[in-house]
Amino acid sequence: MGAPGAGEPPAASAGHVLVVDDDPTVAEVVAGYLERAGFGVDRVADGPAALARAAVRRPDLVVLDLMLPGMDGLEVCRRLRAEGPVPVIMLTARGDEEDRILGLEVGADDYVTKPFSPRELVLRVTSVLRRSRAAAAREPVPETLRAGALRAEPAAHRAAKNGTELALTVREFDLLVFFLRHPGRAFGREELMREVWGWDFGDLSTVTVHIRRLRAKIEDDPARPRLIQTVWGVGYRLEAGGEPGGGPAGDPGGEGVGDPRTGGSGTGGPGIAGPRTGSSGTANPRIGGSGITDPRPGGSGITNPRPGDPRTGNPRTTDPG
């Protein structure tokens, strides 16, 4: 039986998932949905146990809570990735944007903020695994991408400016390579989120933060960028020749963001609606927050309404736990 609302369920050999969460109720419900979607699942409650289990049997993907006793999820992610590539989806109760970005920078492939829909999590697990397997199947083609003083070698995962190697995170490197492969073309934030990282939904401010951090590392003057330029009302464009004229480094206009005269970051635009409520108007079960209603068959399926997030347009609440 497939996970309710998760679309076409994966095959029985969908893959092996390690769920790491110290909340037994959350872990049980997540594992239940994944198992009904055709995944094999192991559950552990802390970081050391996760590392030990992964050493015995390398998982195809890890669902990892950020807030763990003893060793937090960020350190667990670092150690898992040090042993070899493995996709990681981070669960976080923190609503702060910087915490989410930090999780991505240590190597997480995606994140889900509590409270969340277990059906959405199944979709994300399936999507991340599909991208990971497709990337592994492609034979890396040696290539060198250039724009002005910038040089990037995707196969070696190395980038440099004026011959000096740049310390880029995984996400920053992916973003730079994408721009270098499409010089002169403007991309919106939703398009970048989808094309660079394969996310069909999420917080658009994630793109904004990565643009700002990438500019800080590749621009001579990040406040007046010459390479990654803002296209007001559209998004961002890489000028391969580094020509001036990009204006201040604020967010693209037309999305309810900062004043283009000052280049301020402003606030998020209307964003995109998350998949947490169905078109039928029925409540979608969510995990996390001040309590949990088991959304599996037989449960009440009742969830608490949450006020909208003015940055993303997604429903949101403050998680006390």
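These legends go with a few close-up views of a predicted model. Residues are numbered from 1 along each chain as its sequence is written, and side-chain values use heavy atoms, with hydrogens and water left out. Local features need pLDDT of at least 70 and side-chain atom pairs pLDDT 80 or more, while totals for chains, interfaces and linings use all residues.

View 1. Of the 321 residues, 50% are buried, meaning under 20% relative accessible area with a 1.4 Å probe, protein chains only.

**View 2. The largest nonpolar core.** This set has 50 residues, and Leu-64, Phe-179 and Leu-192 touch the most other members. A nonpolar core here is a set of buried Ala, Val, Leu, Ile, Met, Phe, Trp, Tyr and Cys residues joined through side-chain atoms within 4.5 Å.

**View 3. H6 against H7.** The axes of H6 and H7 (residues 189-197) come within 10 Å and cross at roughly 100°; axes are lines fitted to C-alpha atoms over the stretch in contact, with angles from 0 to 180 degrees between N-to-C directions. The two helices are therefore roughly perpendicular, the label for 65 to 115 degrees. Contact (heavy atoms within 4.5 Å) involves Phe-178 and Phe-179 of H6 and Leu-192 and Trp-197 of H7, among others.

Terms used: Helix = DSSP H or I, 4+ residues; strand = E, 2+ residues; numbered from the N terminus. Parallel < 35°, antiparallel > 145°, perpendicular 65-115°, else oblique.
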